[in-house]
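Here's a quick briefing to read with the model open beside you.

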Amino acid sequence: MTFIRLLLVVPIFSGYLFWLYYLIQNVPVIENQCSIEFAIPKTLTEIIALNSCLKQYLNSNYLYILVLFSSVYIFKQTFCIPGSIILNVMAGSLFGSSIGFLLVCTLSSIGVSACYLLSKLCAIETVIMNYLPSQLTSSKTTLENLVEKNRDQLWYLLLVLRVIPVTPNWLLNLIAPIVKIPLFTFTYTTFFGLMPYNYICCQSGQTLSSINSLEEIFTLKTTMQLMSIAVALVIIKIASRFCKIKT
């Protein structure tokens with residue numbers, strides 16, 4: 001039965017992939033048209049080139065770029081595909097730091113919720129635990145114990161896990177259903193918990209052309225970046241006066 005449920009991933013993944021292919025194949029026609037490749041950029045040069053290409057479409061085809069970007073972002077989050085830093089930086093460059101920031105926070109929440117539901121529907125978390133027990137059992141047990149001991153303040157625990165990830169985010173997304181984390185709590189804590197990370201990336205998108213490597217994103221010292229981290233830490237500090245995580 002578990003295997004049959006797991007097979008549901010194939011048509012869901014294929015259907016979403018077809019939707020992305022359809023969007024890219026039906027790109028609007030513009031002057032000096034550039035080519036949008038059906039692939040995730042891997043180097044900074046490729047990121048800058050794709051970003052410049054998308055900007056050519058943005059003014060006259062804003063809705064198309066918004067739908068395309070949102071679809072790719074949710075696809076990546078739903079199927080635990082690495083590369084959120086790339087899309088976050090591009091969001092800041094394409095849509096501006098403010099709109100881009102709110103957009104990626106919203107898309108992150110939608111994406112992890114879709115991952116949660118996919119894991120629950122297709123029993124992915126059970127398969128992972130059966131086939132990769134030595135690598136993941138320890139993390140699952142740790143998370144399960146934390147959730148059980150802090151059930152009455154679960155929102156605070158999840159917020160801290162997003163700001164300071166004790167377990168990998170992709171693993172948290174997949175096994176959240178099995179440790180009985182409510183979907184609504186899981187969604188809104190993702191929105192707020194990833195804010196510092198998303199903000200730094202979106203701010204860096206404003207100076208994408210001057211970045212020499214993706215590692216520089218977390219060494220650029222601007223006042224706003226420091227403020228975003230400080231605010232997050234202050235919120236956690238204030239919350240910790242009322243809530244104490246039990247380990």
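What follows is a short tour, from the overall fold down to single residues.

This is a predicted model, in which local features need a pLDDT of at least 70 and side-chain atom pairs count only at pLDDT 80 or more, while totals for chains, interfaces and linings use all residues. Residues are numbered from 1 along each chain as its sequence is written, and side-chain values use heavy atoms, with hydrogens and water left out. The chain has 13 helices and 0 strands, where helices (H or I, at least four residues) and strands (E, at least two) are DSSP runs numbered from the N terminus.

**Overall picture and confidence**

- Reading from the N terminus, the elements go α-α-α-α-α-α-α-α-α-α-α-α-α.
- Of the 247 residues in the chain, 47% are buried; buried means under 20% relative accessible area, exposed means over 50%, and partly exposed is in between (1.4 Å probe, protein chains only).
- Among contacts (heavy atoms within 4.5 Å) with a separation of 6 or more, 76% join residues 24 or more positions apart.
- The average pLDDT (the predictor's confidence in each residue, from 0 to 100) is 79 for the chain, and 75% of the residues score at least 70.

**Helix 2 against helix 4**

- Two packed helices are described by the angle between their axes and the distance between the axes.
- Helix 2 and helix 4 (residues 62–78) pack at about 155 degrees, with axes 10 Å apart; axes are lines fitted to C-alpha atoms, for helices over the stretch in contact, and angles run from 0 to 180 degrees between N-to-C directions.
- That makes helix 2 roughly antiparallel to helix 4, on a scale where under 35 degrees is roughly parallel, over 145 roughly antiparallel, 65 to 115 roughly perpendicular and the rest oblique.
- The crossing of helix 2 and helix 4 is left-handed, a label used if the near helix is turned anticlockwise from the far one by less than a right angle, with right-handed used if clockwise.
- On the helix 2 side, the contact is made by Phe13, Tyr16, Leu17, Trp19, Leu20, Leu23 and Ile24.
- Helix 4 brings Tyr64, Val67, Leu68, Ser71, Val72, Ile74 and Phe75 to that contact.
- By class, the residues of this contact split into 13 nonpolar, 1 polar and no charged (Ala, Val, Leu, Ile, Met, Phe, Trp, Tyr, Cys and Pro count as nonpolar, Asp, Glu, Lys and Arg as charged, and the others, Gly among them, as polar).

**Helix 6 and its surroundings**

- Helix 6 and helix 12 (residues 195–205) have axes that come within 9 Å and cross at roughly 140 degrees, so the two are oblique to each other.
- Helix 6 passes helix 12 in a right-handed crossing.
- Ser97, Gly100, Phe101, Val104, Cys105 and Ser108 of helix 6 meet Met195, Asn198, Tyr199, Cys202 and Gln203 of helix 12.
- The contact of helix 6 with helix 12 has 6 nonpolar, 5 polar and no charged residues.
- Gly111 sits in helix 6 (residues 97–122) and is buried, at 0% relative accessible area.
- Leaving aside neighbours within four places in sequence, Gly111 is in contact with Ile74, Gln77 and Thr78.
- Gly111 and Tyr73 are 38 residues apart in sequence, with their C-alpha atoms 7.4 Å apart.

**Buried spots further along**

- In helix 9 (residues 154–163), 8 of the 10 residues are buried, so this helix is largely enclosed by the rest of the structure.
- Those buried residues are Leu154, Tyr156, Leu157, Leu158, Leu159, Val160, Leu161 and Arg162.
- Thr190 belongs to helix 11 (residues 183–193) and is buried, at 0% relative accessibility.
- Not counting residues up to four places away in sequence, Thr190 touches Ser108, Ser109, Val112 and Arg162.

**Loop residues worth a look**

- Most residues other than glycine have a negative phi.
- Cys80, though not a glycine, has a positive phi of about 55 degrees; this residue lies in the loop between helix 4 and helix 5 (84–95) and is partly exposed at 27% relative accessibility.
- Lys180 is not a glycine either, and has a positive phi of about 60 degrees.
- Lys180 is in the loop between helix 10 (169–175) and helix 11, and counts as exposed at 61% relative accessibility.
- Ile40, in the loop between helix 2 (9–25) and helix 3 (44–58), is partly exposed at 40%.
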